[in-house]
Amino acid sequence: MTSDNLDETITRTYHEQWARVVAGLARRFGDLDLAEESTAEAFATAVARWPVEGVPPNPGAWLTVTANRRAIDRIRREAKRDDKQKQAQQMYDVPPEPTAAIEDDRLRLIFTCCHPALSVEARVALTLRLVGGLTVPEIARAFLIQEPALGRRITRAKSKIKSARIPYRVPSADDLPGRLAGVLTVLYLIFNEGYLATGPGTDPVRRELTTEAIRLTRLVCELMPHDGEVAGLLALMLLSEARHDARVSATGELVPLQEQDRGSWDAAMIAEGHAIVRERVATEVPPGRYQMLAAINAVHTDAADARDTDWSQIVALYDQLLRIDPSPIVALNRAVAVAELDGPEVALSLVDRLDPALAGYHAYHVTRAELLRRLGRSQESRAAYDTAIGLAGNSAETAYLSRRRDQLGVRPPAD
Amino acid sequence: MQYLVSVIDDDDTQANDDEMAAVTAFNRRLRADGHWIFAGGLAAPESATVIDNRADAAVFSDGPFIETKEHLAGLWIIEAADLDEALKLGAEASKHCNRKLEVRPFVDL
């Protein structure tokens, strides 16, 4: 095996096996810390030994055995100091289960990491670390926070799981819909932070986060193949991620949907996203929020040219979405589609009715700026761009908005 | 595993008759289902006395809670298998006593 091949094998094995090994150890030993550290050690051992000894025939089994041994070593070492071994065994009263339940272990891990008693920030960090296998420095970099602060956040969350006894299990059928919605929120948050990264002077798109969010959502999708919303979220992410190359120009500006080079969209991702949306429509089960957002994105990505977009269908989908999610943000997005169907004046009157709920949301001001521009109300448009630029956190978006504003040809109001 | 359920209140009004009746019925259920350890409502924070006898000379003073906006109005101690069960009971308790609550585990010895 060449060293390139070997690196690739190790990376792939890491992606495929990390969550599985952590989750199995967490069930066996009832201790997330121990599971995480032993798994990390097992992978470090693999990186050191596989280039010399060759990749074992069943890398997953090798890692599980190695990580288990490391965990037992640790427990023995610590048991000498105090009674940790007993403590670790008593931590959860989970009876030993047959190995067939191994798929469930990862699901257990995901639900534990996304437990509603943890803060949202902690859920995101824990999910990326324990399920995604990202390292603390990687997560800290992606979210622009200091490593020690992120480390403390993860440690605190793990210690809450242990001391408050957050159970390591998949919620009961009664609780499942609500708890799953919480998991999807975490995954979507990770995706969005990568998709429209905040913070000046940073990459406008952090693909390590979007890629990871898609990978994790795919995993939940495999584990819960009958859930429409998980599938919907995966489709939504794929249809958004498919446009990543076209979304930011060579000069680092955000390119709006209607101006994107559709030839550079990722055809395979779009095909997969469309296939999921079609499958969900065929079930005739009433779609939830993510499935509707995916359907809207499917209509957008269905048009070979922006002018071919079926706006009436998009408005109809937003109407449907508003019925289950009557939020001002959905109403704002609907108004953007209405502008294409009924003109900017109708849309602007809809948008102006939304204030003040959205006054702090940059997209609200972007929408107003664009509509006012189309109505020839340049001075007001300029003011709206200014507000939007002040609120937008994404560097590519700020660059785009500044250029749009400056094209208006009106001077800033004199003081 | 035992959890302390603290009832958080932001004014001094005692529980009304409806709240008392709901709490009494809830407590009966806690007993029947084996979750009951203890429960009680507290008198107004003004009635509290702080004692510091660390230096072997007991000093008494008014409760520190008297100055805070929110105070402890009562508590339950419940037995629950895990946090999910404790939170479920806590959510019910919050509804019955019509107050905000904090659920906190005792150190598991």
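## Helix packing in chain A

In this predicted model, helix α14 (residues 289-302) of chain A packs against helix α15 (residues 311-324) of chain A at an angle of about 170°, and their axes lie 10 Å apart. Because angles over 145 degrees count as roughly antiparallel, α14(A) is roughly antiparallel to α15(A).

On the α14(A) side, the contact is formed by Arg289(A), Met292(A), Ala295(A), Ile296(A) and Val299(A). The α15(A) side contributes Gln313(A), Ile314(A), Leu317(A), Tyr318(A), Gln320(A), Leu321(A) and Ile324(A). By residue class, this contact comprises 9 nonpolar, 2 polar and 1 charged.

## Domains of chain A

Chain A is divided into domain 1, spanning 179-309, and domain 2, spanning 323-415. The centres of domain 1 of chain A and domain 2 of chain A, taken over C-alpha atoms, are separated by 23 Å.

## Contact between the chains

Chain A and chain B each supply 6 residues to their contact. On the side of chain A that touches chain B, the residues divide into 4 nonpolar, 1 polar and 1 charged.

## Sheet in chain B

Chain B contains an open sheet of 4 strands, arranged in the order β2-β5-β1-β6 with antiparallel pairing. Its edge strands are β2 (36-41) and β6 (100-105) of chain B, each of which pairs on one side only. On average, neighbouring strands of this sheet are turned by 20° against each other, direction ignored.

Strand β1 (residues 2-9) of chain B pairs with β6(B) in the antiparallel sense over 6 bridges. Opposite Lys100(B) in β6(B) stands Ile8(B).

How values were computed
Residues numbered from 1 in each chain as written. Chains lettered and ligands numbered in written order. Predicted model: local features only at pLDDT ≥ 70, side-chain atom pairs only at ≥ 80, totals over all residues. Axes fitted to C-alpha atoms, helices over the stretch in contact; angles between N-to-C directions. Helix = DSSP H or I, 4+ residues; strand = E, 2+ residues; numbered from the N terminus. Parallel < 35°, antiparallel > 145°, perpendicular 65-115°, else oblique. Contact = placed C-beta atoms within 7 Å. Nonpolar A, V, L, I, M, F, W, Y, C, P; charged D, E, K, R; others polar. Domains from an automatic or database assignment. Pairing = 2+ DSSP bridges.
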